[in-house]
Amino acid sequence: MTKQLRILPIAIAIMLVLGACSSIDCPLNSTVRATYSFKGETDTLKDTLTVMAVRANREDSVILNRGINLTFMALPMSYTQDEDVLALVFTHEDGTQETDTIWISKDNMPHFESVDCSPQYFHTLTGIRCTHTRIDDIVINNPSVDYDETKENIFIYFRSDD
């Protein structure tokens, strides 16, 4: 009986410690991406598209490699830069290439779910401009970039192939 009484406080302490552990409520989809939708007459891109993040004083980084028959693209954004620069390289069937550059201005807001989860950055798009080699126009549709990839943040209108 005394042996059982000595084990009882240890068992209670173990149950309290295990009960005190909380489950981590980090989101399963914790990727923040901006969604670029292709609109207009050419809403499906027939050419092969490669997208690179242009980074000052560092090598460019490929973030979409050889996409074909795209109607949209969901691309990550930099965490703390006030402006992201993307180079879109279009490769035609005959192997020739054309390049457009997009500049995206944004405000970056740290977002914390829990101290146990890694911080993410949500963004508010404040401006956008581009070169006009293949792109006819580009507009911000929904400026809020967060976990929701169903939002169409940016509309890209391509020049017609006349």
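Which residue of E3 is the bridge partner of Ala53? In E3, that partner is Ser61, and the pairing around these two residues is taken up below.

## Basis of the model

This is a predicted model, in which local features need pLDDT of at least 70 and side-chain atom pairs count only at pLDDT 80 or more, while totals for chains, interfaces and linings use all residues. Residues are numbered from 1 along each chain as its sequence is written, and side-chain values use heavy atoms, with hydrogens and water left out.

## Overall make-up

The secondary structure of the protein amounts to 1 helix and 10 strands, where helices (H or I, at least four residues) and strands (E, at least two) are DSSP runs numbered from the N terminus. Read from the N terminus, the order of elements is α-β-β-β-β-β-β-β-β-β-β.

Of the 162 residues, 32% count as buried; buried means under 20% relative accessible area, exposed over 50%, and partly exposed in between, with a 1.4 Å probe and protein chains only. The accessible surface comes to about 10,200 Å², and 53% of it belongs to carbon and sulfur atoms; such areas come from the Shrake-Rupley method with a 1.4 Å probe, and for residues only the protein chains shown count as cover. Among contacts (heavy atoms within 4.5 Å) between residues at least 6 apart in sequence, 54% join residues at least 24 apart.

## Strand pairing

Six strands form an open sheet in the order E3-E2-E5-E6-E7-E9, with antiparallel pairing; two strands are said to pair if DSSP finds at least two bridges between them. Strand E3 (61-67) and strand E9 (144-145) stand at the edges with a single partner strand each, so one side of each is left without a neighbour in the sheet. The pairing of strand E2 (residues 48-54) with E3 is antiparallel and runs over 4 bridges, and the bridge between Ala53 and Ser61 belongs to this part of the structure.

E1 and E4 also pair in the antiparallel sense, over 5 bridges, and the bridge partner of Ser37 in E4 is Phe72. In E4, Met73 and Leu75 make up a covered face, whereas Phe72, Ala74 and Pro76 make up an uncovered one.

## Nonpolar core

The largest nonpolar core holds 28 residues, of which Tyr36, Leu49, Met73, Leu86, Leu88, Ile102 and Ile156 touch the most other members. Such a core is a set of buried Ala, Val, Leu, Ile, Met, Phe, Trp, Tyr and Cys residues joined through side-chain atoms within 4.5 Å. Among the elements that give two or more residues to this core are strand E1 (33-39), strand E5 (83-91), strand E6 (97-111) and strand E10 (154-158). Leaving aside its neighbours within four places in sequence, Leu88 is in contact with residues including Leu49, Met73, Ile102 and Ile135.

## Salt bridges

The structure holds 5 salt bridges, each defined as a side-chain nitrogen of Lys or Arg within 4 Å of a carboxyl oxygen of Asp or Glu. In one of them, the side chains of Arg134 and Asp47 meet at 2.5 Å, N to O; Arg134 lies in the loop between E7 and E8 and Asp47 in the loop between E1 and E2, so the pair ties together parts that are 87 residues apart in sequence. Arg134 is buried, with a relative accessible area of 6%, and Asp47 counts as buried at 13%.

Lys106 forms a salt bridge with Asp84, with the closest N and O atoms 3.8 Å apart, and both residues are buried. A further salt bridge joins Lys151 and Asp146, whose closest N and O atoms are 2.9 Å apart; Lys151 is buried, and so is Asp146.

## Polar contacts

Asn108, found in strand E6, has a side chain that reaches the backbone oxygen of Gln81 at 2.9 Å, and a polar contact of 2.7 Å joins the side chains of Asn108 and His123. A polar contact is a pair of N or O atoms within 3.5 Å; within protein, one must be able to donate a hydrogen and the other to accept it, and residues adjacent in sequence count only if both atoms are side-chain atoms.

Thr150, in the loop between E9 and E10, counts as exposed at 69% relative accessibility, and its side chain makes a polar contact of 2.4 Å with the side chain of Asp148.
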